[in-house]
Amino acid sequence: MPAEARAPTDLLNGPQREAVLHHEGPLIVFAGAGSGKTRVITHRIAELVQGYRVPPYEVLAVTFTNKAAGEMKSRLERMLGPELTRDLWVGTFHAVCARLLRRYGEAAGIAPNFTIYDATDQRALMTRVGRELGLEERRFPPQQLLARVLREKQEARGPESFEGDNYFDEVAKRAYVLYDKQLRAANAVDFEDLLLKVLAIAESETPEGEHLRGRFRQILVDEFQDVNTVQYRLVGALAPHRNVCAVGDDDQAIYRWRGADVRKIRGFVRDFPGARLVKLEQNYRSSGHIVAAALGVIGRSSERQPKELWTAEPAGEPVSVVATRDERDEAAWVVTRLRAELDAGTDAGHIAIFYRVHAQSRVLEEAMRAENLPYQIIGGHRFFDRAEVKDLIAYLRLVANPKSDVDLLRIINVPSRKIGQKTVERLGEVARERGLSMYEALGPVCREDLVPTAAKKALGAFSELMDGLMRAAPTDTPHALAERVLADSGYEAALKSEDTAEADGRLENLREVLSSLADYEEEQNAAGEDATLEGYLARITLQSDADQIVDAPRVPMMTVHAAKGLEFDAVFLCGMEDRLFPLRSDDPNRRCDVEEERRLCYVALTRARHRLYVLHTAMRLIYGQTRYNAPSPFLGDLPRKVVREVLTDAHKDAVTAFAAGRSPYATAQHGGDDDEVGPSRLGGGFGARAGAGSFGRGSAARRSPSFSPRRVSEPPRAPGERYLEAEPDDGSSPTVRVGARVSHPHFGLGVVQKVDTGPDPIATVKFVGQTPKRIKLSFLSSA
DNA sequence: ATCCGAATATTTTTT
DNA sequence: ATATTCGGAT
């Protein structure tokens, strides 16, 4: 990779290089996109170990993904050799904490065989909590309770310090207490606990705390802008010596919704007195045009640290902004251009397709498949989320930690063992009454005839199965144990007897789990470590989307979030439309952080090395609805001189059809029988899109309002202000209610399903023979 | 207890 | 549009 050779630390200027390699004490590096920040960290580590003789096991490097950790390790291996590298602590906050918790967890009341509950498990647990509290599921959806509780946990606030100002919070507080209690009873932790427990130990005046605080002499943290409160405190607690090197870029902070706080970067200077600040502002990755485009978008951001990214690279190709008709037209354009890229010799693995939400991936995937183009979808419904895979994992987790009721509940009757809902409920009751886990309650329930005979027999069989597996666990390798589970539980047999294509697929997936277990064992052995069941389970639970990217000649397709930290020769960024990117929910209560969306856009643009294609559609079918979105306001922030505009034929057709007074988008049977809603009114809507392609030249501002920085129809907003204001229905909007019959000049008669109020009210309307469509109220007349 | 079809919610982004 | 949950019938 030429980039590798271009930007090592020896290209840094004197003082920067000096600080990065030799500064003692706190150091913060503001590393602009593509400025080689990972390289900074690896070189500093190498210098610490080799130059300063810091023992590698006293160096902790925190990365954002496991994949980044792996890459960092392999780079270090080349610099330091395998022995030294093996002893370094390199990993994500979560992975590192999981490891520490196995060792120090007893001090926080966690047995070393603890289970990590993923989002699904957390939701399952919260659902049970809600039921136990007798909460109505409609009023208190477990998902929302969980979100509320996790928000508290991300801020390191326990239930006692819950700042409730409404009834929902009151309830959430009670849910929090019980949720945590159940986790403890199950000897399980959620993602937040993993960090919180370690933090609690590290901040405690115990021998373990003492030990933990002295454990790492040097700590390096990558992607510091996305560190949340707990992680920040954790760094502080683990580094009483203040030897912390934080590397980040506030322009790339995209996880505020997850509790990350950009201001932590500023707090660093306060909390780590004497911190040395280094700025890396040269981008070694992207062409001049691409850097200029990205700067156009981020330059409009407020509240950023002063810095000026620049590049010495040639301007290169202009950025293509492509106007398409709909999502299929968009996908078709991508696929065609992609083919040309491949024909020109670009490696498929060096081209990426980005989108804002996973829901956009399907159409693109279909287009890729239809054209026989190699691709891999990153994230979405992940492999380990498949039902059969989760079942097998649940067996393994229950074997490792019999107290985990969530896992028991998942597999107690899978495959069917004639254990019904009633029986399971009874088992749960007994367990609760006696303070036992459900697994522990199996014995008493059977012995004391607390369930009917048939149920007793079934429970007994299940109990025996699990006991057998648990006896085998200490001597079996994880792989052998998994095979035993599949055989003894009858799971494999049940699938085989189904003898359908679907069952075959499931078996195939299970075999894949087995091979991933084998891989794990092999890897651990190679590293001279034990291959433990707990280790494997933690690893798969803590895997991130980005971790799945394999280095193969296939085009990776992913959300922009997953693209963080990656780079590609060519990038296709799809769905650059208002309301999709920046993403705004239909729900007026949900606010949208436009500034964060802007940074996200910046991240997307800066992934591209040489060629960047940005696409938007005039209409889009998403979530079962057709939406007519204006081009993203971010497009208006691209400097005109770096952009090449492209209009697909379909988009042009749509525009011409519109100009002729026919609906560009309605299906054939609809004529142009305009009534009082004439083309001139439509002009305000579709017309804006029709001109979407025109950058530059005098008339653009008039014909293409969506490309000017501010739209005439929307007042200027203060930075950080809520994007979508929920306004009380003051009667100024047309009186259209749910259920009202309305007509649209092109779609005909319809019934209003939903009305979103606001400055520009939008109704969801079901027209005869159409999928529900979202239409601005101004386009509708009552019928 | 299980199966099937209908109703119902859910859709940002993720360790 | 899709996934999951629920209710009623078998």
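Visitor: Which charged end sits over the ring of Phe64?

Guide: The model is a predicted one. A charge counts as sitting over a ring if NZ of Lys or CZ of Arg is within 6 Å of the ring centre and within 35 degrees of the ring normal. Here the charged end belongs to Lys564, placed 3.6 Å from the centre of the Phe64 ring.

Visitor: How many aromatic pairs does the structure hold?

Guide: There are 14 aromatic pairs. One of them joins Phe64 to Tyr255; this pair is tilted, with 5.2 Å centre to centre and 40 degrees between the planes. Phe64 lies in the loop between strand S2 and helix H4, and Tyr255 in the loop between strand S7 and helix H13, so the pair links parts of the chain 191 residues apart.

Visitor: Is Tyr255 buried or exposed?

Guide: Buried means under 20% relative accessible area. Tyr255 is buried because its value is 8%, whereas Phe64, at 22%, is partly exposed.

Visitor: What kind of aromatic pair do Trp89 and Phe216 form?

Guide: Planes over 60 degrees apart count as edge-to-face. For Trp89 and Phe216 the angle is 75 degrees, with 5.4 Å centre to centre, and the pair is therefore edge-to-face. Trp89 belongs to strand S3, while Phe216 is in the loop between helix H11 and strand S6, 127 residues apart. Both residues, Trp89 and Phe216, are buried.

Visitor: Which residues form one aromatic cluster?

Guide: The cluster consists of Phe224, Tyr232, Phe268 and Phe272. Over the face of Phe272 lies Arg242, at 4.5 Å from the ring centre.

Key
Residues are numbered from 1 along each chain as its sequence is written. Chains are lettered from A and ligands numbered from 1 in the order in which they are written. This is a predicted model: local features need pLDDT of at least 70, side-chain atom pairs count only at pLDDT 80 or more; totals for chains, interfaces and linings use all residues. Side-chain values use heavy atoms; hydrogens and water are left out. Rings of Phe, Tyr and Trp (its six-membered ring) pair if their centres lie within 6.5 Å; planes under 30 degrees apart count as stacked, over 60 as edge-to-face and the rest as tilted. Helices (H or I, at least four residues) and strands (E, at least two) are DSSP runs, numbered from the N terminus. Buried means under 20% relative accessible area, exposed over 50%, partly exposed in between (1.4 Å probe, protein chains only).
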